[in-house]
Amino acid sequence: MANQFKISALVQNIVDGRGTNRKVPHKVPAFDKAISGYGSCVLELTGTGVHTLSNDAQSFSIDASDLFDDPITGQALEIADNIIYGWALVVDRAVAGTAPTGHVRVTNSGFCGWISDGHWKMMEDSIFIFHNPESPATSDGTGLTIDLSNGTGYKVSLLAWCK
Amino acid sequence: MANTFRLTLKAQNNHPASTVVGAVTHQVPDQTVSEQSLQSAVAEFTSGASNTVAIGASGVVTVSGTTQKDPVTGSNLNFTNHRGLGVSVERADADTAPTYAANGVTSTTSLAIATGSKVFTVAASGGWIDGTRVRAVSAANHDNWMEGTVTYSATSLTMTVDTIGGTGTLADWTLYTVPCAQITSTNFCGVTVSTALPLVEGSSIALFHDYVSLSNSDVWKKKATNGQTLTISLAGVTGLKASVFVLGD
């Protein structure tokens, strides 16, 4: 199964030239990455629960339950060499037209080799992307925790990819 | 000054239709966030252990101590809130591989796999400099390893282990330099990372907070306040480039 991801970010300052300042571009180097050959899992989390994404040598899991995600074979995703490469999450409103309240807490205790202190907070239309081609495997008891208990009306789309 | 920031995520699994399995698309919905009228600063680091992007007094943005300027007005660049952060690690020269201290130095010091300080006695000089990231791997089983930053003197290498794999007390270590940028953060863009995050060549982070309400205490951490710092260490490796962009309003 060929698997393609494209991740890009573009930052650009443009002055239209009609004001006092002439057109001045202040362009950040393109953050543009296309990667292929990876397995992946996709999740959508809603409600007010607390969920943890982690992995073992064979599969991603959510709340300690393996994710059966290969769309062709129907089998658990195999993670070659026990290596995961990246993850991304997007925080959005669960129901169009209904504004969320509060925030989503995110904690990483070692997923993709990253340990954050405490948690950070994300609100509607926030996005996070991480990719590291040499991420170590997740150790027992570690993972990426998405805590929806501090808000209402949020949907978190979560993607993780592996070797 | 109009400022457009766009961050997109597109993930798609495409199975070739020519195989015995028909075409299969397993696609994540495209995700795009965009915002105008933000301020930004960029920086590139190619060496050194203490490269910083920081918030100073009155929200001024500094890069390794130098105040950043608005490219249009020429005045100091000040953030009220953090809105985004990006870090990419690539080769400084696309045709030149990074260089670093020699790999393959061995140690027979008996050590238990665990986080914390570990002292390896090494027979040969590894040429490491303080702050280099090193992984110690068991020769008998590569699933057993310890990794962290080191200080080095003569035949003694002290590793502050922050990441481990496997278990046991072992005495067949081989030491490898990890050529990477090491990232730490003090509440920068709402994220604190005390244990260095190693980013090897090809790694990227992008974070964007689309909405910040100054009256909402839930998001106070993303206010730009004096002392918030992102630190990037390239200790012990030559030929890597860490590109950073930060967004604020």
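This is a predicted model: local features need pLDDT of at least 70, side-chain atom pairs count only at pLDDT 80 or more; totals for chains, interfaces and linings use all residues.
**Exercise 1.** Classify the pair formed by the rings of Trp114(A) and Trp120(A), then the pair formed by Trp114(A) and Phe128(A).

*Solution.* A pair of aromatic rings is described by the distance of the centres and the angle of the planes.

Step 1. Over all chains, the count of aromatic pairs comes to 10. For Trp114(A) and Trp120(A), the ring centres are 5.7 Å apart and the planes stand at 25°. Planes under 30 degrees apart count as stacked, so the pair of Trp114(A) and Trp120(A) is stacked.

Step 2. Trp114(A) and Trp120(A) are both buried; for Trp114(A) the relative accessible area is 3%.

Step 3. The ring centres of Trp114(A) and Phe128(A) are 5.4 Å apart, with the planes at 35°, so this pair is tilted.

Step 4. Trp114(A) belongs to the loop between β10 (104-108) and β11 (120-122) of chain A, while Phe128(A) belongs to strand β12 (residues 126-131) of chain A, so the pair ties together parts that are 14 residues apart in sequence.

Step 5. One aromatic cluster is formed by Trp87(A), Trp114(A), Trp120(A), Phe128(A) and Phe130(A).

**Exercise 2.** Which parts of chain B does the pair of Lys241(B) and Glu44(B) link?

*Solution.* Step 1. Lys241(B) and Glu44(B) form a salt bridge in which the closest N and O atoms are 3.9 Å apart.

Step 1. The pair links distant parts of the chain, 197 residues apart: Lys241(B) lies in strand β23 (residues 240-248) of chain B, and Glu44(B) in strand β4 (residues 39-45) of chain B.

Step 2. Lys241(B) is partly exposed at 21% relative accessible area, and Glu44(B) is partly exposed at 48%.

**Exercise 3.** Describe the surroundings of Arg133(B) and Arg135(B).

*Solution.* Step 1. Arg133(B) forms a salt bridge with Glu147(B), with 2.6 Å between the closest N and O atoms.

Step 1. Arg133(B) is in strand β13 (residues 133-138) of chain B and Glu147(B) in strand β14 (residues 145-153) of chain B, so the pair ties together parts 14 residues apart in sequence. Both residues, Arg133(B) and Glu147(B), are buried.

Step 2. A network of salt bridges links Arg133(B), Arg135(B), Glu147(B) and Asp162(B). The charged end of Arg135(B) also sits over the ring of Trp145(B), 3.6 Å from its centre.

**Exercise 4.** Which strands are at the edges of the open six-stranded sheet of chain B?

*Solution.* Step 1. The strand order is β7-β6-β5-β21-β18-β19 (chain B), with antiparallel pairing.

Step 1. β7 (66-67) and β19 (191-200) of chain B each pair on one side only and are the edge strands.

Step 2. Within the sheet, strand β18 (residues 180-188) of chain B pairs with strand β21 (residues 229-233) of chain B in the antiparallel sense over five bridges. Gln182(B) stands opposite Ser233(B) in β21(B).

How values were computed: Residues are numbered from 1 along each chain as its sequence is written. Chains are lettered from A and ligands numbered from 1 in the order in which they are written. Side-chain values use heavy atoms; hydrogens and water are left out. Rings of Phe, Tyr and Trp (its six-membered ring) pair if their centres lie within 6.5 Å; planes under 30 degrees apart count as stacked, over 60 as edge-to-face and the rest as tilted. Buried means under 20% relative accessible area, exposed over 50%, partly exposed in between (1.4 Å probe, protein chains only). Helices (H or I, at least four residues) and strands (E, at least two) are DSSP runs, numbered from the N terminus. A charge sits over a ring if NZ of Lys or CZ of Arg is within 6 Å of the ring centre and within 35 degrees of the ring normal. Two strands pair if DSSP finds at least two bridges between them. A salt bridge is a side-chain nitrogen of Lys or Arg within 4 Å of a carboxyl oxygen of Asp or Glu.
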